[in-house]
Amino acid sequence: PWSGAIQPGSSDPIRRLVVDYPSNVMGRLPVYHLISKKSSVEDSTWFSQYGGDSYPWRGTLVFDGDVYDHIGYRARGGVWRYAMGKNMWKFDFLTGHPFKARDDFGREVKTRWSKLNFSACIQQGDYQHRGEQGMFEAAGFKLFNLAGEEASLTNWVTFRIIDEAQETGATQYDGDFWGLYLVIEQLDGRFLDEHDLPDGNFYKMEGGTGELNNLGPAGPKDKSDLNAFLNTYTNTAPPDDWWRASLDLERYYGYRSIIEAIHHGDVGYGKNYFYHLNPETQQWAAYPWDLDLTWADNMFGDGNEPFKSRVLTRPAFSLEYKNRMREVRDLLYNTTEAYKLIDELAAIIDDPAGSPSIVDADRARWDYNPILANSSIVNLSKAGQGRFYQQASTKNFPGMVQIMKSYVVSRGSWIDTNIAADAAIPRRPAITYIGPPGHPIDQLIFQTSDFSDPQGSGTFGAMKWRAAEVTAPGSPPFDPDSPKLFEIDAVWESPELTAFSNKVTMPS
């Protein structure tokens, strides 16, 4: 807790004394306080309709006992920036005083941030998935990271705005409490540091080109590296060798696999991704962004990002991609691992026992908020009142969670048929433990069934064994001291074995 008179950087400071606010409310979520003038808050979120990328408004952000004074802020987003009424936010911190963020488990991230992004956790109403409360984005970014495709870190927060003398207002739509928001890590040079990626040129792609978000030490300032890459794959038909040298195919296969898994179709029009040039390998990689319109087949976009038709239509690359897609299905996007991921995230913002939680408080603040019906401020097809839980048969947040689980089943079946299917692959083996009872650590012996291939036994190429640590079945959905462990993260892999061997002893 902190106490004392907190004043924003403005000519009309707020003088309310803020004393000993709790470190979290409505459960385990951290609390962010923005202190600013009421007129500035309302202008930035509703009335000004400012569409630029500067930060015209000033305030003070208080989080985790730290005070960030004189920061800039604005609404964020593209064409729908002001459409929903509950808008996304973007904060810009002063040089020399970057932001110290924490994850959903209270752990500080490695780097300090110069920008802070809030997702509003409110779906576009006409897609009828309002009430998923940021789960689509949080689960999507987590899946990308688990699949080996570095993506933004996220965490949920309670957001409160101090802009008047009183904490509460005349109705539930007034007062300090602004509801549930999802923090999304900015893709920039600090992102590269956080994820141990080399310091190279990093571009936000849109409209057929890109804007430099990070300049690497050896990178050109004039976008000549990006322009050469775009020109080659757009205006010529480069051979397979060029693609292998120029594009990080392994990362791309993981990236494309999760795009398909969550149906991220909104990459189909030259936006919602970044390009990074690795200065060590001179290979490009694409990184995901803006995952709100996902986890349903009725979301916007055809998903045809620049490499889908240019890379995956080539036989060698198509085979490698199918192999990766099957691996993602086996080890991550299935009813065991993806369900575990969804349950863990849902338990952060909802009480599995059914007690009122932050998702209920957020709905009370926004579902029938008068702003969402004000046609002079919002787009009524995107905003609108009473649109929470339209798709959920139970008309509650657990029903939205079940929709995501059902989508894992339906989308997984579609992937198996339309992407991963290959009649030439070997049949799935069965693995059996054959070591002594009690599983002594130095005698973990396993046996696999015989190699079986529809093309004949003489087609054996190679095999590998792998082991992963997973969270024990029956564990609580969320444990603040023990994040879930997933099968796709191997803790041991054997060398590639070119001669078939049906037994292995795991190293202790």
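**Contacts across a predicted model**

Lys464 has a relative accessible area of 46%, so it counts as partly exposed; here buried means under 20% relative accessible area, exposed means over 50%, and partly exposed lies in between (1.4 Å probe, protein chains only). The side chain of Lys464 meets that of Glu493 in a salt bridge, with 2.8 Å from N to O. This pair links distant parts of the chain, 29 residues apart: Glu493 belongs to strand β18 (residues 490-493), and Lys464 to the loop between β16 (445-448) and β17 (466-468). Glu493 is partly exposed because its relative accessibility is 44%. Helices (H or I, at least four residues) and strands (E, at least two) are DSSP runs, numbered from the N terminus.

The model is predicted: local features need pLDDT of at least 70, and side-chain atom pairs count only at pLDDT 80 or more, while totals for chains, interfaces and linings use all residues. Residues are numbered from 1 along each chain as its sequence is written, and side-chain values use heavy atoms, with hydrogens and water left out.

A salt bridge is counted when a side-chain nitrogen of Lys or Arg lies within 4 Å of a carboxyl oxygen of Asp or Glu, and a search of the whole structure finds 29 of them. One of these joins Glu167 to Arg160, with 2.4 Å between the closest N and O atoms.

Asp367 and Arg363 form another salt bridge, their closest N and O atoms lying 2.9 Å apart.

Thr60 is buried because its relative accessibility is 0%. Its side chain is joined to that of Asp69 by a polar contact of 2.5 Å. Such a contact is a pair of N or O atoms within 3.5 Å; within protein, one must be able to donate a hydrogen and the other to accept it, and residues adjacent in sequence count only if both atoms are side-chain atoms.

Aromatic rings come next. Rings of Phe, Tyr and Trp (its six-membered ring) pair if their centres lie within 6.5 Å; planes under 30 degrees apart count as stacked, over 60 as edge-to-face, and the rest as tilted. The structure holds 53 aromatic pairs. Among them is the stacked pair of Trp89 and Phe91, with 5.8 Å from centre to centre and 10° between the planes. Trp89 is buried because its relative accessibility is 1%, and Phe91 is buried because its value is 0%. Tyr203 and Trp284 make a tilted pair, 6.1 Å centre to centre with 35° between the planes. That pair spans 81 residues and links distant parts of the chain, with Tyr203 in strand β11 (residues 202-206) and Trp284 in strand β14 (residues 283-288). Both Tyr203 and Trp284 are buried.

Rings also have charged groups over them. A charge sits over a ring if NZ of Lys or CZ of Arg is within 6 Å of the ring centre and within 35 degrees of the ring normal. Arg74 lies over the face of Tyr55, 4.9 Å from the ring centre. Lys340 places its charged end over the ring of Phe486, at 4.9 Å from the centre.

Two loop residues deserve a look at the backbone. Most residues other than glycine have a negative phi. His263, not a glycine, has a positive phi of about 60°. The loop that holds His263 runs between α6 (249-262) and β13 (273-278). His263 counts as buried because its relative accessibility is 15%. Lys395, also not a glycine, has a positive phi of about 55°. Lys395 is in the loop between α10 (358-366) and α11 (397-418). At 48% relative accessibility, Lys395 is therefore partly exposed.

The last stop is Asp481, in the loop between β17 and β18. Asp481 is exposed because its relative accessibility is 71%.
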